Amino acid sequence: MSSMYVIIWEYEVKVDHVADFETIYASNGGWAELFRKDEGYLGTELLRDLDHAQRYITIDRWVSSRAYETFLAQWRKEYEALDAYCKDLTKHEILLGKCESVTHETR
């Protein structure tokens with residue numbers, strides 16, 4: 001069975017930048033557009049906390065950690081440029097984890 005590599009981020013977005021943040025971090029936004037340059041990218045999900053309007057979670061899915069690392073090596077300049085542009089949209093960001101899906105075979 002194949003596994004999936006997932007990267008999870010948490011953001012606290014500045015009130016006056018919510019619309020820009022949602023546009024760039026959405027499943028069809030700027031980050032996803034950049035990630036789609038690599039065939040190992042599976043998709044992004046953007047979640048907003050119902051109790052804290054400025055708290056968001058992103059979940060980026062890749063076929064493997066190797067696919068993600070290959071993407072970074074090839075597109076590092078573009079990644080860093082977009083990351084720098086996005087810095088002013090948030091109060092803080094936290095990498096919650098880099099995870100691999102767990103699969104169990106049944107008999």
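Visitor: Why is Ile59 called buried?

Guide: Its relative accessibility comes out at 13%, and buried means under 20%, so Ile59 gets that label. Keep in mind that this is a predicted model.

Visitor: Where is Ile59 found, then?

Guide: In strand S3, which covers residues 55–62.

Visitor: And what is Ile59 in contact with, leaving aside its neighbours within four places in sequence?

Guide: Val6, Ile7 and Ile8 are on the list, and so are Gly43, Thr44, Glu45 and Leu47. To count, heavy atoms have to lie within 4.5 Å.

Visitor: On to the cysteines. What makes Cys86 count as buried?

Guide: Cys86 has 2% relative accessibility. The cut-off for buried is under 20%, so buried is the word for Cys86.

Visitor: Why does Cys99 count as partly exposed?

Guide: Cys99 sits at 36%. Buried needs under 20% and exposed needs over 50%, so Cys99 falls in between and counts as partly exposed.

Visitor: What makes the pair of Tyr25 and Trp31 tilted?

Guide: The angle between their planes is 45°. Stacked needs under 30 degrees and edge-to-face over 60, so this pair is tilted. Both Tyr25 and Trp31 are buried, too.

How values were computed
Residues are numbered from 1 along each chain as its sequence is written. This is a predicted model: local features need pLDDT of at least 70, side-chain atom pairs count only at pLDDT 80 or more; totals for chains, interfaces and linings use all residues. Side-chain values use heavy atoms; hydrogens and water are left out. Rings of Phe, Tyr and Trp (its six-membered ring) pair if their centres lie within 6.5 Å; planes under 30 degrees apart count as stacked, over 60 as edge-to-face and the rest as tilted. Buried means under 20% relative accessible area, exposed over 50%, partly exposed in between (1.4 Å probe, protein chains only). Helices (H or I, at least four residues) and strands (E, at least two) are DSSP runs, numbered from the N terminus.
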